Amino acid sequence: MDAVHFGAGNIGRGFIGETLASNNFAIHFVDVNATIIDALNERHEYDIELAAPGQQQIHVEHVDGLNNQQQPQAVVQAIAQTDLVTTAIGPKILPIIADLIAQGIAARQTAANAQPIDIIACENMIGGSQFLKKEVYKHLDPQQQEFAEAHIGFPNAAVDRIVPIQHHEDPLAVSVEPFKEWVVDESQMKNPQLHLQSVVYVPDLEPYIERKLFSVNTGHATVAYTGAYYGYQTIGEAIQDAKVLQQVQGALKETGALLIAKWQFDPQAHQDYQRKILSRFQNKYISDDILRVGRTPIRKLGFDERFIRPIRELKERALDYAVLLDTVGMIFTFDEPQDNESVHLQELLRTQSVPKVVQQITGLDDNDLVNQIVTTYQQKRDAIS
């Protein structure tokens with residue numbers, strides 16, 4: 001079988017590509033990185049190293065590359081014939097690739113290819129595939145939309161694997177943690193007969209998306225921003241500090257209380273899940289930069305993102321959110337010249353009133369909560385000034 005995968009970076013090759021290959025897919029990687037695309041076309045194979053004792057190697061073959069800037073029609077033709085489309089390209093890039101996907105769907109219709117397929121956005125966001133669907137439909141006329149409704153599924157997914165920033169002489173080499181989780185909403189699929197081994201299919205994805213977002217993403221970001229606040233450069237260094245470890249444990253305790261109250265997760269099973277997460281952050285074989293994990297703080301402070309949403313929902317339930325609030329205060333002090341969002345956030349804080357910036361960034365209309373964040377940020381800022 002064939003798959004078209006948008007995003008030939010470390011996550012694309014080291015997670016989605018590995019999973020597709022283990023399910024006997026030939027993979028067409030789509031990307032703008034000419035070095036990676038050329039290497040894929042030259043070798044048609046690459047190796048993945050597990051960041052764990054023994055450093056096991058996983059071999060991936062039957063791959064090639066398509067440069068969507070230089071070969072757009074080749075991408076369209078690939079989509080017209082493929083059995084599955086996936087992405088691991090970043091939420092902000094989804095609207096950019098939507099037109100090409102729409103052209104591929106139109107080409108399927110023109111070729112009378114009625115084989116149902118699914119397009120799965122494997123991104124760190126809630127509702128990624130359905131978001132992509134809306135963007136794709138902007139480029140389809142009514143008849144094409146009707147065809148898509150009948151034959152093209154956009155099932156949401158939750159994905160989880162730590163793939164740290166890394167540098168190799170070989171442009172295709174990639175190191176990943178052993179743990180991986182890919183969960184798909186089966187109710188939104190158009191081709192439910194296609195089940196990938198090692199992928200979990202569920203009738204309702206939302207509990208699993210929130211569990212991952214409010215545990216792994218909230219926890220990882222808490223280590224990063226707390227570590228940055230105390231002057232560390234890497235996740236591994238930061239989490240060895242008792243203050244950082246205590247902060248992430250506290251944040252996970254709060255989000256865990258929300259998840260158990262909201263979705264009735266078994267408390268003991270969820271505690272085991274959290275312990276597994278902490279052990280992943282402490283993996284000495286993964287050296288992840290705090291800059292990589294902490295980048296785009298404005299996005300991470302969004303209304304439905306990993307901090308503000310659990311804080312909102314904990315407050316609604318009269319549950320504790322003190323550690324999450326404390327972490328948000330540290331995020332507003334995150335000053336990283338290499339990250340555009342960090343630079344923009346600090347400029348806003350210098351030129352506008354803090355309550356206005358907090359309200360603008362978080363989207364909150366709860367004045368009490370805005371004031372709590374303002375006070376916490378000012379305390380954190382004053383402590384390091």
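## Exercises on a predicted model

Helix H7 (residues 206-229) packs against helix H10 (residues 267-281) at an angle of about 35 degrees, and their axes lie 11 Å apart. The model behind these exercises is predicted.

**Exercise 1.** Determine in which hand H7 passes H10, and which residues make the contact.

*Solution.* Two packed helices are described by the angle between their axes and the distance between the axes. For this pair these are about 35 degrees and 11 Å. The crossing of H7 past H10 is right-handed. On the H7 side, the contact is made by Arg211, Lys212, Ser215, Val216, Gly219, His220 and Val223. H10 contributes His270, Tyr273, Ile277, Arg280 and Phe281.

**Exercise 2.** Describe the surroundings of strand E11 (residues 181-185) and identify its pairing with E9 and E12.

*Solution.* Begin with burial, for which the cut-off is under 20% relative accessible area. In E11, 5 of the 5 residues are buried, so the strand is largely enclosed by the rest of the structure. Glu181, Val183 and Asp185 point one way, while Trp182 and Val184 point the other way.

Next, consider the neighbours. Strand E9 (residues 157-160) runs antiparallel to E11 and is joined to it by 4 bridges; here Val159 has Trp182 as its bridge partner. With strand E12 (residues 200-202), E11 pairs in the parallel sense over 3 bridges, and Val183 stands opposite Val200.

**Exercise 3.** Classify the aromatic pair of Phe15 and Trp182.

*Solution.* The structure holds 6 aromatic pairs. In the pair of Phe15 and Trp182, the ring centres are 6.3 Å apart and the planes stand at 80 degrees. Planes over 60 degrees apart count as edge-to-face, so the pair of Phe15 and Trp182 is edge-to-face. Phe15 belongs to helix H1 (residues 10-22) and Trp182 to strand E11, so that the pair links distant parts of the chain, 167 residues apart. Phe15 is buried, with a relative accessible area of 3%, and Trp182 is buried at 2%.

Conventions: Residues are numbered from 1 along each chain as its sequence is written. This is a predicted model: local features need pLDDT of at least 70, side-chain atom pairs count only at pLDDT 80 or more; totals for chains, interfaces and linings use all residues. Side-chain values use heavy atoms; hydrogens and water are left out. Axes are lines fitted to C-alpha atoms, for helices over the stretch in contact, and angles run from 0 to 180 degrees between N-to-C directions. Helices (H or I, at least four residues) and strands (E, at least two) are DSSP runs, numbered from the N terminus. A crossing is left-handed if the near helix is turned anticlockwise from the far one by less than a right angle, and right-handed if clockwise. Contact means heavy atoms within 4.5 Å. Buried means under 20% relative accessible area, exposed over 50%, partly exposed in between (1.4 Å probe, protein chains only). Two strands pair if DSSP finds at least two bridges between them. Rings of Phe, Tyr and Trp (its six-membered ring) pair if their centres lie within 6.5 Å; planes under 30 degrees apart count as stacked, over 60 as edge-to-face and the rest as tilted.
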